[in-house]
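Reader: Could you walk me through this model, one question at a time? I would like to follow along in the viewer.

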Amino acid sequence: MLDQPADDAPLAGIVVADLSRVLAGPLVGATLADLGARVIKVEQPGSGDGTRAWSPPASATGSTYFDSANRGKESVALDLADPGDAALARELVARADVVIENFRPGAAARLGLDRDALLAEHPRLVWCSITGYGAQPGGAERAGYDFVLQAASGLMHITGDADGPPTKAGVALVDVLTAKDALAGILAALLRRERTGRGGLVEVALLSSIQAALVNQLQSVLGPIAPESSDAEATPAEPRARPVEPRRAGSAHPSIVPYQLLETADGPLAVAIGTDAQFRAFAALLGAPGLADDARFATNARRVAHREALVPLLEAALAADGALEWEQRLLDAGLVASRVRTIGEGLELATAVGLDPIREVRGAAGVGRQLASPIRIDGVARTATTAPPLLGEHDATVRAWLSRPATDEGAP
């Protein structure tokens with residue numbers, strides 16, 4: 001699968017000032033670069049984005065952590081405490097279509113980048129502000145880090161084995177999901193600008209994004225939608241469901257059974273049975289069709305109620321073979337299953353099913369491989385192929401461009 005030509009890029013001509021660091025903001029910038037925008041990353045002279053030092057694994061740019069969120073960008077080192085560099089940063093904002101920042105509330109203004117003033121001065125500008133807990137009193141004072149937000153939001157409370165301690169996800173999931181929300185907001189604001197000529201402020205908080213991502217688990221805490229009644233004493237025909245606080249359950253799903261890891265002869269198998277018809281087919285495949293006729297397991301609601309009785313019976317049947325063999329049998333039967341793969345094995349699977357997941361990137365830092373963008377337009381992956389930049393790699397060209405009158409053509 002080839003990359004789409006640059007002149008066909010959806011965001012060709014869009015300039016992005018990426019003032020963010022670490023992960024959520026930089027991921028937004030990298031995705032905008034994938035879509036064809038020109039993304040200029042502003043970094044602190046001498047040290048740059050803090051993730052450059054987050055190694056091992058090390059890279060020519062500093063770390064593979066930095067590499068994961070910064071391809072396709074230009075890097076300019078500006079000391080925002082220096083009046084001259086701060087003036088260049090303001091000029092960059094003036095020429096940008098989009099600004100991405102994740103400063104603590106109030107910090108950008110203290111550095112000479114007053115958001116409200118710049119939005120008033122440049123009404124077509126789309127400004128994306130990413131915070132940990134929002135900008136209101138009580139939240140603005142809190143710094144936001146993914147690991148702590150996993151604990152604060154409740155995600156960690158529902159992650160891990162039922163009899164084990166709270167566990168964080170194996171990746172910075174809060175930052176990643178926040179980046180996707182921020183991207184959606186930016187693209188929506190750009191679309192509105194096409195209609196109205198007006199940009200605006202996009203605000204995304206880590207806490208809000210991860211809470212939105214809790215979907216059904218969070219909704220169970222809020223409780224069900226119920227008919228309104230003018231009779232406060234009315235008694236419903238069925239007992240009304242009450243809000244429920246979810247708890248850790250390992251890989252098990254709170255509302256579907258079996259929808260979890262099940263042990264086989266040589267390791268766990270992820271099995272997702274979403275309907276009663278699928279369960280009947282699964283039971284037949286296991287050589288135990290009677291399970292589907294057992295009153296305890298005939299419907300999903302009954303299977304949820306009798307999970308502890310059902311799972312050992314399923315695992316006893318699965319013990320006849322290994323996870324890979326069962327995976328293939330379930331797939332052949334039109335059911336959904338997978339053995340637990342490593343990340344490397346997951347890439348092999350993506351290649352095998354034709355997703356063409358790897359791209360080569362090149363730049364001053366050298367040559368390497370990166371994951372292709374998951375976004376495909378007209379059947380083509382939108383992926384920047386310029387390697388993540390060295391710190392200040394584009395200082396000369398970006399500074400020269402910002403020093404010329406804005407009406408001059410020939411931006412680097």
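Reader: How many bridges join strand S8 to S9?
Author: Happy to start there, with a predicted model in which local features need pLDDT of at least 70, side-chain atom pairs count only at pLDDT 80 or more, and totals for chains, interfaces and linings use all residues. Residues are numbered from 1 along each chain as its sequence is written, and side-chain values use heavy atoms, without hydrogens and water. Strands (E, at least two residues) and helices (H or I, at least four) are DSSP runs numbered from the N terminus, and two strands pair if DSSP finds at least two bridges between them. S8 covers residues 268-272 and runs antiparallel to S9, and the number of bridges joining them is four.

Reader: Which residue of S9 is the bridge partner of Val271?
Author: Look along S9, which spans 336-339. The bridge partner of Val271 there is Ala337.

Reader: Which strands stand at the edges of this sheet, and why is one side of each left without a neighbour?
Author: The sheet is open, with three antiparallel strands in the order S7-S8-S9. Each edge strand has a single partner strand, so one side of it has no neighbour in the sheet; the edge strands are S7 (259-263) and S9 (336-339).

Reader: Which residue in S2 is the bridge partner of Val16?
Author: S1 runs parallel to S2 (residues 38-43), and four bridges join them. The chain gets from S1 to S2 through H1 in a right-handed β-α-β crossover (with the strands pointing away from the viewer, the path from the first strand over the helix to the second runs clockwise). In S2, the partner of Val16 is Val39.

Reader: Which residue in S4 does Ala17 stand opposite?
Author: S4 (residues 98-101) is parallel to S1, with three bridges between them. Opposite Ala17 stands Val99.

Reader: Which strand gives the most to the lining of the largest pocket?
Author: A pocket is an open set of points on a 1 Å grid over the protein atoms alone, where a 1.4 Å probe fits, with protein on both sides within 12 Å along at least five of seven lines; lining residues have an atom within 4 Å of a point. The largest pocket has a volume of about 1,300 Å³, taken as the space filled by probe spheres set on the points, which are joined across faces, edges and corners. Its lining has 43 residues, with Leu27, Ser68, Arg71, Leu371 and Ala372 closest to the centre. With six residues, the strand that gives the most is S11.

Reader: Which helix supplies the largest share of the lining of the second largest pocket?
Author: This pocket has a volume of about 940 Å³. It is lined by 35 residues, and those nearest its centre include Arg247 and Pro254. Four residues make up the largest share, and they come from H9.

Reader: How far apart in space are Glu121 and Val171?
Author: Glu121 is found in helix H5 (residues 115-121) and is exposed, with a relative accessible area of 55%. Glu121 and Val171 are 50 residues apart in sequence, and their C-alpha to C-alpha distance is 39 Å.

Notes: Buried < 20%, exposed > 50% of the residue type's maximum accessible area, 1.4 Å probe, protein only.
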